[in-house]
Amino acid sequence: MSNTYGSLLKSLRVSRSSSNASLLWFPSRTSRRHYAKATSSSPSSSGSATAKEAELDQEDPFVSSGISRPLSEILKQLNKKVPDSLVKVRLEDGFSSKYVPWHIVNRIMNLHAPEWSGEIRSISYSPDGKSVSVVYRVTLYGTDAEIFRESTGTATLDDTSYGDPIQKAEAMAFRRACARFGLGLHLYHEDML
């Protein structure tokens, strides 16, 4: 198992008493750059706040000092095989399917592409009112360009086995959009190998 995924597994097991340290966040393109600029140009009178932020950065293995990288490097990291210990199996309609839970995908994105963003593009219900579909867009920001991928997830409205149907469709669309960048893509064609 690679060192990077080892730290991911470790951080998923560690429970922190500080709620601020364990929050998931969706960094935007400018938020981390603005944060870096603000902390580097802040006067020394606010040194205690900067020291506390630096301490949190050292605790969290997901904070990277070199955030901005070319897209080719980001995509290379996202295309690595996800360890089997992070993969779950779900049985639906007599078929088993492997997947990586959305919260793990979110953590991997924060680790390898900290300047990503995601958004729901649309939510639509089927004409018969039995299912809902969500279109989700994931955007990666590199030093050389930015790219996005969109995908759709659909859930039946009477299926509450994995939470709210809209949440289920959103999680499915999010995972599929990330797979279009290569994250967990090996799960879709594992049977053919």
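Glutamate 150 counts as partly exposed, at 27% relative accessibility, where partly exposed lies between buried, under 20% relative accessible area, and exposed, over 50%, with a 1.4 Å probe and protein chains only. The model is a predicted one, in which local features need pLDDT of at least 70, side-chain atom pairs count only at pLDDT 80 or more, and totals for chains, interfaces and linings use all residues. Residues are numbered from 1 along each chain as its sequence is written, and side-chain values use heavy atoms, with hydrogens and water left out.

Side chains of opposite charge can pair when their charged atoms come close. The structure holds three salt bridges, each being a side-chain nitrogen of Lys or Arg within 4 Å of a carboxyl oxygen of Asp or Glu. In one of them, the side chain of glutamate 150 meets that of arginine 137, with 2.8 Å from N to O. Because glutamate 150 lies in strand S5 and arginine 137 in strand S4 (residues 131-141), this pair ties together parts that are 13 residues apart in sequence; strands (E, at least two residues) and helices (H or I, at least four) are DSSP runs, numbered from the N terminus. Arginine 137 counts as buried, at 17% relative accessibility.

Glutamate 150 also meets arginine 121 in a salt bridge, at 3.2 Å from N to O. Here arginine 121 belongs to strand S3 (residues 116-125) and glutamate 150 to strand S5, so the contact ties together parts that are 29 residues apart in sequence. Arginine 121, partly exposed at 43% relative accessibility, forms a salt bridge with glutamate 119 as well, the closest N and O atoms being 3.5 Å apart. Glutamate 119 is itself partly exposed, at 36%. Taken together, Glu119, Arg121, Arg137 and Glu150 are linked in a network of salt bridges.

Leucine 157 is found in the loop between strand S5 (146-156) and helix H7 (165-179), and leucine 157 is partly exposed, with a relative accessible area of 31%.
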